[in-house]
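Biologist: I have a structure on my screen, and I want to learn how to read it. Where do we start?

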Amino acid sequence: MTLMTPSATNAHLVDESQELYIHSYLYEPEGSKDAVRPLILLLHGAGGDHHLFDGMIEPLQAHGYRVLLCDLRFHGASWPFIAIWSNNERVVNLDMAVLASDTLKVLDWYANKQVSTPLILGGVSLGGIAVQHVARQMMANPLDGSYTLSALVAIGCPHVDISDPQIAWIPFYKTATYEQAEEYLPAARRNIIGSCYTASGRALAKKALDNVHDRVLFACFRSCATSSASALSPMPTWLPQLLLRGERDEQTEDIMTAWYKYTRERSPDTRIAYEIVPSAGHLAPLDAPSLVSSAILAFLSA
């Protein structure tokens, strides 16, 4: 796989006290920097980084889409310049509200204030939960009309309004302290790596995960377990939704099926599709990037 070179990169200051910057990467279609072209924002999951989507950039670009990626806080390149430690404990400020706020700042940085850009929000696992919060916050704060929210792509994640069914580990992390969870985190790391179906996917997942501190991983799990959209605007019924799940991703089968049924029953006019990605695990963009890209392109062009 050839690594694509971003058309633009930026570091966005999101926490002055820690000098914490979110690093972002914009990929433009070749020969075009037209802000009116649709923008696809993709967020990675817990323990990952923006390289999760490397294999999807070229096919999306080839169809005229601009692709915006970033390393979520405390992941990839998005580490603070000032390391804050207390008794060997890093201060980890990370929850869904914080991740959504960071993402909106990244979007605002790339916004063209003169024209409204069609925006597709997508994410995997934790990133899929985060983009639901972003979408709902954009209902209340549309970033000065710089974007027109066009679709939501959720890969291997739950709907934030559905509490049952839920992934087996959610109840534990909803109340556990770091000290209570610490002994289970090595197994959680192995499970993240093992959730990839292909050997290449597992290698890439491990490479990203090796750069993530245990306390960050715990904060990610806790943010998933405590995610609530009760204070946010409801998901707009007009927003098209594409649900994707890797064929080998059994842990999210029930929750994604529940999402599809929930939407069909409560919002029958909402355009929603639920597709299974063959030969892929939980981190489907690592295992089958071309198939994930094709599914997204087919949905957006229908």
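Modeller: Let us start with a single side chain.

Biologist: Is Ser293 buried or exposed?

Modeller: Buried means under 20% relative accessible area, exposed over 50%, and partly exposed in between, using a 1.4 Å probe on protein chains only. Ser293 has a relative accessibility of 0%, so it counts as buried. Keep in mind that this is a predicted model: local features need pLDDT of at least 70, side-chain atom pairs count only at pLDDT 80 or more, and totals for chains, interfaces and linings use all residues. Residues are numbered from 1 along each chain as its sequence is written, and side-chain values use heavy atoms, leaving out hydrogens and water.

Biologist: Where is Ser293 found, and what is it in contact with?

Modeller: Look at helix 11, residues 289-301; Ser293 is there. Helices (H or I, at least four residues) and strands (E, at least two) are DSSP runs, numbered from the N terminus. Contact means heavy atoms within 4.5 Å. Set aside the neighbours within four places in sequence, and Ser293 is in contact with Gly55, Met56, Pro59 and Leu60.

Biologist: Now a loop. Which loop holds Tyr65, and is Tyr65 buried or exposed?

Modeller: Tyr65 is in the loop between helix 1 (54-62) and strand 4 (66-70). Its relative accessible area is 12%, so Tyr65 is buried. Find the residues that Tyr65 touches: Tyr27, Pro29, Pro38, Ile40, Leu60, Ile120, Leu297 and Leu300, with residues up to four places away in sequence not counted.

Biologist: How far apart are Tyr65 and Gly47?

Modeller: Tyr65 and Gly47 are 18 residues apart in sequence, and 26 Å apart from C-alpha to C-alpha. Now try Ala229 and Pro158. They are 71 residues apart in sequence, and their C-alpha atoms are 12 Å apart in space.

Biologist: What else can I read about Ala229?

Modeller: Ala229 sits in the loop between helix 8 and strand 9. With a relative accessible area of 5%, Ala229 is buried. Its contacts, leaving aside neighbours within four places in sequence, are His133, Arg136, Val160 and Asp161.

Biologist: How do I read a whole helix?

Modeller: Begin with a rule. An α-helix has 3.6 residues a turn, so residues three or four places apart point the same way. Then check the span. The expected value is 1.5 Å times one less than the number of residues. Helix 9 (residues 253-266) has 14 residues, and from first C-alpha to last it reaches 20 Å, close to the 20 Å expected.

Biologist: Which residues of helix 9 are buried?

Modeller: Ile255, Met256, Ala258, Trp259 and Thr263 are buried in helix 9. Down the axis of helix 9 they fall within an arc of 155°, so they line one face. That arc is taken from the directions between the helix axis and the C-beta atoms. On the face turned away from the buried side, helix 9 carries the exposed residues Asp254 and Glu265.

Biologist: What covers the buried residues of helix 9?

Modeller: The cover includes helix 3 (126-140), strand 8 (147-155), strand 9 (241-246) and strand 10 (272-277).

Biologist: Now the backbone. What is the peptide bond from Asp164 to Pro165?

Modeller: Read omega. The bond from Asp164 to Pro165 is cis, with omega near 10°. Pro165 is in the loop between strand 8 and helix 4 (170-175).

Biologist: What is the accessibility of Glu19 and of Ser279?

Modeller: Glu19 has 35% relative accessibility, so it counts as partly exposed. Ser279 has a relative accessible area of 39%, so it is partly exposed.
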